[in-house]
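Subject: Handing over the structure

Hello,

Here is the structure I promised to pass on to you. Please open it next to this message and look for each residue as you read.

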Amino acid sequence: MRVGQSGGGLVPGSETRLQVMLRGAPGPARKVKLSLTEEGKEVHSQDVAIPQDAGEVQVPVAFRPQEAGLKLYLFHVAPA
């Protein structure tokens with residue numbers, strides 16, 4: 001998984017857009033749940049369809065950070 005941010009830094013209350021690249025494995029199409037956590041609390045989740053025999057799938061993610069300051073953000077991918 002690779003993540004890239006569009007635009008500048010994170011601004012509290014403003015929409016933040018990220019591009020997440022998921023790498024598919026050979027095999028049938030499947031659905032996964034992509035979740036974003038901030039300091040261990042889920043702040044965004046969405047279902048993503050991975051096509052059959054997909055290489056990389058680009059997933060746009062938008063969320064709104066609520067507070068300023070240094071935060072730890074983690075993405076998690078699990079079967080949907």
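Predicted model: local features only at pLDDT ≥ 70, side-chain atom pairs only at ≥ 80, totals over all residues.

Residues are numbered from 1 along each chain as its sequence is written, and side-chain values use heavy atoms, leaving out hydrogens and water.

**Strands 2 and 5**

Let us begin with strand 2, which covers residues 16–23. Strands here are DSSP runs of E with at least two residues, numbered from the N terminus. Strand 2 pairs with strand 5 (residues 56–63) in the antiparallel sense, over 8 bridges; to count as a pair, two strands need at least two DSSP bridges between them. In general, strands of a sheet pair through backbone hydrogen bonds, either parallel or antiparallel.

**Salt bridges**

How many salt bridges does a search of the whole structure find? There are 4, where a salt bridge means a side-chain nitrogen of Lys or Arg within 4 Å of a carboxyl oxygen of Asp or Glu. One of them joins R23 and E56, with the closest N and O atoms 2.9 Å apart. R23 lies in strand 2 and E56 in strand 5, so this pair ties together parts that are 33 residues apart in sequence. R23 counts as exposed at 65% relative accessibility, and E56 as partly exposed at 36%. (Buried means under 20% relative accessible area, exposed over 50%, and partly exposed in between, using a 1.4 Å probe and protein chains only.)

Another salt bridge links K33 and E42, at 3.8 Å from N to O. Both ends are partly exposed: K33 has 32% relative accessibility and E42 has 43%. E67 and K71 also form a salt bridge, with 3.3 Å between the closest N and O atoms.

**The aromatic pair**

The whole structure holds 1 aromatic pair. F63 and Y73 form it, and the pair is tilted, with 5.5 Å from centre to centre and 55 degrees between the planes. (Rings of Phe, Tyr and Trp, the last by its six-membered ring, pair if their centres lie within 6.5 Å; planes under 30 degrees apart are stacked, over 60 edge-to-face, and the rest tilted.) Because F63 lies in strand 5 and Y73 in strand 6 (residues 73–79), the pair ties together parts 10 residues apart in sequence.

Strand 3 (residues 30–38) and strand 4 pair over 9 bridges, and R30 has I50 as its bridge partner.

Finally, find S45 in strand 4. S45 touches K33, L34 and S35, not counting residues up to four places away in sequence; contact means heavy atoms within 4.5 Å.

Happy exploring!

Conventions:
Helix = DSSP H or I, 4+ residues; strand = E, 2+ residues; numbered from the N terminus.
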